Amino acid sequence: MNIRPIAFLWLSILVCGCGRPVRPEDSDVPEEVRTLISSYQGLVKGYAKGRILFKKGDPIIFDDGKEKTFTEKLAGADIQDMFSIPYSRENDSPDYLQDAGRIRCEAFLKRIYGDSEKAVKANLVTVKWFDGQKIPFNRVGGAADSLRAVFIDLQELPEEFHDYCRGASSFNWREVRGAKQMSAHSFAIAIDINTEYSNYWRWDNPDAGELDRIGHKNRIPEEIIRIFESHGFISGSRWYHYDTMHFEFRPELLP
Ligand SMILES: [Zn+2]
């Protein structure tokens with residue numbers, strides 16, 4: 001579905017911080033901001049003076065104006081940087097450093113989903129999973145509802161696909177392995193499916209740094225990946241730095 005007309009509709013009824021409606025023809029509203037407003041409806045409220053306005057909390061600067069390298073973006077992205085690597089649903093062999101979605105603006109995720117372990121916990125609901133497992137997930141922004149929709153579709157797949165999904169894990173307030181940034185699991189918007197069928201670049205290349213050239217591996221069937229993607233989840237199998245068990249709710253990258 002093309003979200004642009006929806007984004008336009010939204011923008012036409014939103015009022016920006018300067019007190020007048022944000023109109024589609026406003027050249028000072030970047031396309032990424034329109035995408036955020038339509039992807040996080042009711043939570044991202046508008047744009048004024050280079051800042052994103054939220055339902056709750058202070059505005060956050062959209063573009064800090066700094067040119068960043070790949071590793072600088074991983075360590076400290078602004079909101080614009082989150083869009084700097086486009087996500088492709090067709091990409092089963094990502095090019096060097098094509099890690100769409102690994103670049104996260106921590107301030108943005110904290111503002112949407114909770115800025116502490118306690119705040120995120122207050123937003124948790126459980127989602128039914130295989131073998132009666134209950135997955136804690138963030139209810140904000142439709143994340144948990146989207147995971148519920150994923151589960152319904154996964155159950156429709158033939159039995160042999162279900163093994164890939166068993167024994168999942170989700171919420172864990174922690175930093176990304178090898179980085180000083182909070183993991184998407186901290187916000188309860190990411191799920192790791194069965195590690196038995198998973199490949200992770202750090203397991204295969206324990207001595208490699210972020211800029212070293214590595215090969216690509218994935219054993220998760222495309223059928224499973226496509227179901228997650230159809231409900232707003234990106235797949236770590238589409239990353240150069242593959243993490244194939246990992247699915248993360250990032251609707252702004254899958255418009
Ligand atoms: Zn993960």
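Okay, a definition before anything else: buried means under 20% relative accessible area, exposed means over 50%, and partly exposed is in between, with a 1.4 Å probe and protein chains only. By that scale R139 is partly exposed, because its relative accessible area is 48%.

Quick housekeeping. This is a predicted model, where local features need pLDDT of at least 70 and side-chain atom pairs count only at pLDDT 80 or more, while totals for chains, interfaces and linings use all residues. Numbering runs from 1 along each chain as its sequence is written, and side-chain values use heavy atoms, without hydrogens or water.

Back to R139. You'll find it in the loop between strand 5 (134-138) and helix 6 (143-156); helices (H or I, at least four residues) and strands (E, at least two) are DSSP runs numbered from the N terminus.

Now the metal. Which residues coordinate the zinc ion? They are H185 through NE2, D192 through OD and H246 through ND1, at 2.0 to 2.1 Å. Donors here are N, O and S atoms within 2.8 Å of the metal (3.2 Å for Na, K and Ca), and water isn't among the atoms, so sites may look incomplete. Along the sequence the spacing of the donor residues reads H-x6-D-x53-H. H185 and D192 are both buried.

Next, helix 2, residues 31-39. Seven of its nine residues are buried, so helix 2 is largely enclosed by the rest of the structure. Among those buried are V33, R34, L36 and I37.

Last stop, G57. This glycine sits in the loop between strand 2 (51-54) and strand 3 (60-61), and G57 is exposed, at 53% relative accessible area. Its C-alpha is separated by 7.1 Å from that of R111, 54 residues apart along the chain.
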